[in-house]
Amino acid sequence: MNQKPLLIGGLAITIVLVIAINVVSNMFLSGKRIDLTEEKLFTLTDGTRSIVNNLEEPITLRFYYSRKLAQEEAPGIVPYAIRVEEILQEYAALNPEKLRLEIIEPESFSEEEDEAALAGVEGVPINSAGDLLFLGLHGTNTIDDEEVIPFFRPEREAYLEYDLSELVYNLSVADKPTIGVITELPLSGSTDPMLQFTNPEAVQQPWAIYSQLTEMYEVREVRPVDPIDEEIDVLFVVHPRDLPDASLYHIEQFILAGGRAMIFVDPHAEIEQVPTDPNQPMAAMFASKESKLGKLADMLGVNMIPSQFVGDKENAQRIVIRNDRGLTEPVNYLGYVGLGPDNLADDVVTADLSSQMIFATAGEIFETGNADTNVIPLVYTSQQTDLLNVDDIKVQPNPAELLKQFESEDEVKNFAVRVTGSATSAFPGGLEGSESENHLDESDGDINVIVVSDVDMVYDRFWVQMQNFFGQRVMMQTADNGRFMMNSIENLTGNTDLISIRSRGVSTRPFTVVNELAKKAGEELQAREQELEDRISEINEELQAIQSETQGDTLAMTTELETRIEEAQQEYAEARRELRSVRQNLNKDVESLGSKLRLYNIILLPGLITLLAFIVGLVKAQKRRNALR
Amino acid sequence: MMTWTIFKRELSGYFATPVAYVFIVIFLLLTGVFTFEMGGFYERNQADLQAFFQFHPYLYLFLIPALAMRLWAEERKSGTIELLMTLPVKTWEAVLGKYFAALAFTAIALMLTFPLWFTVNYLGDPDHGVIIASYIGSLLMAGAYLAIGSCISAMTKNQVIAFVVSVMVCLVFALIGPVEELDLVRNILPEAGIDFLLSISFDLRFREIMRGVLDIRTIIYFVSLIGGWLFANTLIIEAKKN
């Protein structure tokens, strides 16, 4: 029959056609996609397009990717590497004249590998032979600036576009932004040798945040008694104590002219070291460590409640203190507040903060209502808050006392806000004696200022430990304070394009229901733990009391002591048992929800369908029987 | 159009026998068990359906050939294919009719997994676009498996052989991702060859879709594959007709 060759021919053509279609589509249709994700994670944003299209001078991006090695030894990373490569090609396609993309596959022990290492691209040893896997980017511009992404970590996929656009942006801008620091605190390290004697604890090294800022930006110390230098892009104002009107005026004018600022004020900055007067040694303890916004509040439309700090019962941090009996005990200190993702706004600068920020005796920021500015809360407390007097904690804070005094106002309070919109000068017409040449009564466009009601959160102690690692100072971050500050500065220096990109990419969507259950259980556990721990320490004290009491009377001591010890031991064992069972039941609610859901999903529908099948079967059988009659 | 008539007849035929219900129940049980127990859906604490969708390429591997094996092999065995061919039906109409009926049936089974979508929506705030894309991708992939199974079932009279061979062929498409296979092959093929093989993998392609993106190239891949196999299917039936 002539069918066979025809059949084989037909099949062969089919195979060839299918392959051909795919090869062609692969070549010409790269980049065409329907992005159904909620945040359009896989489509380049307008911000990126703007940054790339506005490149004035050409830049070169070298993409180092050990393709074969990845396919062999780390196939899990291949899809992400492909995504990175494709997105880079999309960048290049936006502006082929000004953005050159080179794709390099460094062979082991080759020149290219050395080149990559020199460029700062990390090679990760991937097998026993010591081959290095590269997946990084090195960018340069015409004036030999360099920017590097050492390794594209898949965990950072949500920020891939931001990281790339930031890199391109940094290469496109010739100068690093300049941060002007206004502060009397020793942010840049202490230069006063006398401080060593009056206050040995005074910081000699620059604060960690200062080091971080100098790494990324030009940092200058600014004395606002003079008009602010035009070269300053962002002001970093920390603890403005008693600034004269002239200083406030210059800061205000800087902001109105379009300069960005991040301002930290505080009703009580623990970190401030008040110089002690040998004649009045106690005076220092009662001195005010408060900074205020002063007239800036009129311009900004926000202010901080003076002389009072916010106690947040829900987020109070546990500290260890020595109680009256000389024993150490853990206690919730209302003044130290830890705020995590639940207390952060959905803003660029708070988006990827997943741990918590620590605030120490922070104040409450409120809207004065006297200005037309927009105030956006960035970081806020729980509802269990109360305003407490700073005087109560100046000398020796008594956490237990504070807890007793605490009466919840049932109100969320702001620790950090962003102020935008148009603003009006607090010095209408200018200030006598200051240069009022270019005085602005109204802001030139929108202002953008971040105000934080705590100065202590800037200081190392509350968010970072500096450790010595082979002679290098390494930062171990224990809280998100630093990240928040860097995000804020980055945001305030960046152009609006970069900011618009950063606001995407919420990478985790947790089970909020489960988290709520777990949180409630955790709170319960904490409360019970505290109760039981109190009881246990009480028992211990009792035993000690008995011992000291019956020291003299040996006979009485033995009997009494024995009985009491027995009782106490029983109580102790009981308390510990209870504690254990509370801990075990911790997950009870969460687990039972899980079981219910399993039942609902796995059994319910199949069960219903089986039932349906039976019914249909029965109905049919019935029909058949009826038909037969 | 005759395709539509055949489609209707086939689809209603599915529900006339207990086979359909058994299939759906097994499908739902398996997806449920895999999602919760092996995928750790609840433990992951992530409001997405990755734990659910990630198993589809492997569940379909066995379930779809089971569906496809009776498309043609049975008819050839019982001789009803001759009957079908005497009717004024073009071969391709019959192929498409049967295929779309099977696909529709699969779609129904897939849609019945909706309680999971409700569940994840109750537990958190999932990205619905990603879930929709994943469902579309899953159906597309099922369609591809189905086309392969349909074609193979046309090649033999025996359903069991059809099933086994389908599974084996589908296995190739599903598992070409893992590099263990490539180790042997890589030394023979040039780099372009490896890229080609990787691009065939249903698992890898589907994972791309599971991120929430329908890449035109992937859609073309599945559609062209389906078209190719169904065309081959038609050719084979034609050839066996005579």
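Me: In β1(B), which residue is the bridge partner of D35(A)?
Reply: In this predicted model, β1(A) pairs with β1 of chain B, residues 213–215, in the antiparallel sense. The pairing extends over 3 bridges. Within β1(B), the partner of D35(A) is V213(B).

Me: Which element supplies the largest share of the side of chain A that touches chain B?
Reply: At least two residues each come from several elements of chain A, including α1 (3–28), β1 (33–35), α16 (512–549) and α18 (588–628). The largest share amounts to 16 residues. The element that provides this share is α18(A).

Me: How many residues of the side of chain A that touches chain B are nonpolar?
Reply: Chain A brings 57 residues to the contact, and chain B brings 60. On the side of chain A, 16 residues are polar and 15 are charged. The nonpolar residues there number 26.

Me: What percentage of the area buried between chain A and chain B is on carbon and sulfur atoms?
Reply: The two chains have 13 residue pairs in polar contact, both residues at pLDDT 80 or more. Together, chain A and chain B bury about 5100 Å². The part of this area on carbon and sulfur atoms is 64%.

Note on methods
Residues numbered from 1 in each chain as written. Chains lettered and ligands numbered in written order. Predicted model: local features only at pLDDT ≥ 70, side-chain atom pairs only at ≥ 80, totals over all residues. Heavy atoms only, no water. Contact = heavy atoms within 4.5 Å. Buried area = accessible area lost by both parts, 1.4 Å probe. Polar contact = N/O pair within 3.5 Å; in protein donor to acceptor, adjacent residues only side chain to side chain. Helix = DSSP H or I, 4+ residues; strand = E, 2+ residues; numbered from the N terminus. Nonpolar A, V, L, I, M, F, W, Y, C, P; charged D, E, K, R; others polar. Pairing = 2+ DSSP bridges.
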